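Hi,

Here is the structure I promised to send over. Have a look at it first, and then read on for what turned up.

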Amino acid sequence: MKSLLRFVPLCSACVLGISISAPVLAGNTDWQHPMIQEYGKVQAMPNAVLQPDPGRQYKVIVNVTKLMTSPDQVNPGLDRVARLVNLFALAKVPPEKLEIAAVLHGGATSASLDDSHYRKKYQTDNPNIKLIKALKRAGVNVYVCGQALAHNEFESRWVSGEVAVALSAMIVLADYQLKGYALVE
């Protein structure tokens, strides 16, 4: 009986959590892509707390490490960078108020490869190149970890021209944070 009583508050919290979040999600199907088309879909939520301030300068470094779910799919970490850009655009933060960089390493390293070398590895063109080009047009600096390239036995010359090869992701992350950039994992 005692263990059942411990379970009741947990179930109540679950039901309460679902009932609280349901109205927020109900009917919200208006996905937008205000800056990066086709990627990083966002929804306007004018009543949400902590909205971006269009008058503030934002400096963000994004750590991209996730492996793609499938070689023909965009890396979820890169899509997340697009979502960040789109969230700022949705909030009317001017591009000149944004300084965003992303560093690929770990499971995300292969997303940096040019089509030729990506195709040799996965038998398909790199689906990330189009997104990386869109991120670059939006002012995002995209790096790949040179150490991760070496660990994966990829040569630096195999990296897409849209991506800068850094000595290491650790150095990029430390350098940007020392320059006042907020880290998004």
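Strands β3 and β4 run parallel and are joined by 3 bridges. β4 covers residues 164-166, and its Ala164 stands opposite Tyr143. Do keep in mind that this is a predicted model.

The link between these strands is worth a look too: β3, helix α5 (residues 146-151) and β4 make up a β-α-β unit, and that unit is right-handed.

β3 also has a partner in strand β2 (residues 98-104), again in the parallel sense, this time over 4 bridges. If you want a pair to click on, take Ala102, whose bridge partner in β3 is Val142.

Now to a loop. Between β1 (58-64) and α2 (76-90) you will find Asn75. Is Asn75 buried or exposed? Its relative accessible area comes out at 0%, and because the cut-off for buried is under 20%, Asn75 counts as buried.

What does the side chain of Asn75 reach? The answer is the backbone oxygen of Lys66, at 2.6 Å. Leaving aside residues up to four places away in sequence, Asn75 touches Lys66 along with Val64, Leu67, Met68, Ala108, Ala111 and Asn128.

Cheers

Methods: Residues numbered from 1 in each chain as written. Predicted model: local features only at pLDDT ≥ 70, side-chain atom pairs only at ≥ 80, totals over all residues. Heavy atoms only, no water. Pairing = 2+ DSSP bridges. Helix = DSSP H or I, 4+ residues; strand = E, 2+ residues; numbered from the N terminus. Right-handed = clockwise from strand over helix to strand, strands pointing away. Buried < 20%, exposed > 50% of the residue type's maximum accessible area, 1.4 Å probe, protein only. Polar contact = N/O pair within 3.5 Å; in protein donor to acceptor, adjacent residues only side chain to side chain. Contact = heavy atoms within 4.5 Å.
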